[in-house]
Amino acid sequence: MSLQFVYSNKDFVTDVRRSSGNSLEKTPTPSNFDTTIQVGWTDRMDRGLFRYHLGDLQTRILPGPHGFVAQLNIQRGVERRKPQEILSIQQEFNAKQFNFNKINPQEVIFEMIKDTEGGDENRQLHEPCRMVVLVNVSPLEFGHCLFVPDPSRCFQQVLTTFAIQVGIETVLLSSDPGFRVGFNSLGAFASVNHLHMHGYYLDHELKVESVPVKPLVPEKGLYCLLDFPGGFLFYTESDRVDRVARIICQVTNFLVDGNIAHNLFLTRGCPPCDCMQKEEDLRSRKGVRIVIWPRISCFGAKEESAFNVALCELAGHLPFKNKKDYELTTEKDVIDIIQRYLLPDAEFHALEQQLTRHLMGL
């Protein structure tokens, strides 16, 4: 019987801020969620359940306006499990392949259960009510976990409203603005076709937390990033999570139906605004930014490049597999690599118009 982590909306942390530098204004007091994740994760590392020991990773900020955070993680490139062959964004779950029902049970840290105090009418009754949290045995960074909605249901790697909502809630449960959550669709470097999201800590500010946006369908919360790499943005604070999760799922379903691969990144961020914000607003991290990047599909074996462009690379966090690339890659090199995976401008703008019409018609 695994440990249960029971939470409610009252556990969300709303007073998170960043300083004017690249670090925190002060070291945050870990929330109950942070402590449970970090203690459980460290325990599994000490017990040797990971494929390698993750020490302090070499990290450098690439010179340039984007502030890319480069890290050297050679062992992940060498030791991680071979990714599954993915042939379609809508590929069916295959019980014969590796999935999270086949893991060592000791890798499970806890199950997340939401106390809805008499029932949450916003939850879909046909969706699972539990989220299993397990360690990623090939970690990218400290605390790297996987969030798997009821593994026994064998969901394919396609987002559901429940997965998105709990993903947002985990960010709100953390008092650390460095805690991030993300998702890779099939064709966007997901390596296991069993519904899961990634969560981990990265103690560096990312530009995506505060990059300016333009409104597309503001009444539905849809914005577009005004800086590289181009994507769609939603923002929510603790009082609108369920509504925003449903709309985001409408967007990801639209992409899946159109066979468009995509990556999501959830992080503490400042509210979207199409005008100049006060410095105080730019430092606020009481809400969550959710960025969706539609991109060119990649099927078959992963390409050998300096890095594979998935959820963290698009957000500006670059795990490198070898020392030479880590030391020599420039901001321009990174942009050139990422650009190859993004939709061409004309295709992205056409999608932007289609998605705007789709959401306005709902």
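The largest cavity has a volume of about 130 Å³ in this predicted model. It is one of two cavities of 30 Å³ or more that a search of the whole structure finds. Thirteen residues, written here as 13, line the largest cavity, and those nearest its centre are Lys207, Val208, Phe228, Pro229 and Ala315. By residue class, the lining of the largest cavity comprises nine nonpolar, two polar and two charged residues.

The second largest cavity has a volume of about 40 Å³. Its lining is formed by Ile89, Gln157, Val158, Leu159, Phe183, Ser185, Thr252, Asn253, Val256 and His262. Helix 4, which spans residues 241-257, supplies the largest share of this lining, namely three residues. The lining of the second largest cavity is divided between five nonpolar and five polar residues, with no charged residues.

Attention may next be given to helix 8. This helix covers residues 331-339, and its buried residues are Glu331, Val334, Ile337 and Ile338. When the helix is viewed down its axis, the buried residues of helix 8 fall within an arc of 125°, and therefore they line one face of the helix. Among the elements that cover these buried residues are helix 6 (311-315) and strand 14 (317-320). Ala315, a residue of the lining of the largest cavity, is among those nearest the centre of that cavity.

Conventions: Residues numbered from 1 in each chain as written. Predicted model: local features only at pLDDT ≥ 70, side-chain atom pairs only at ≥ 80, totals over all residues. Heavy atoms only, no water. 1 Å grid on protein atoms, 1.4 Å probe; cavity = no way out; pocket = protein on both sides within 12 Å on 5 of 7 lines; lining within 4 Å. Points joined across faces, edges and corners; volume = space filled by probe spheres on them. Nonpolar A, V, L, I, M, F, W, Y, C, P; charged D, E, K, R; others polar. Helix = DSSP H or I, 4+ residues; strand = E, 2+ residues; numbered from the N terminus. Buried < 20%, exposed > 50% of the residue type's maximum accessible area, 1.4 Å probe, protein only. Arc of directions from axis to C-beta. Contact = heavy atoms within 4.5 Å.
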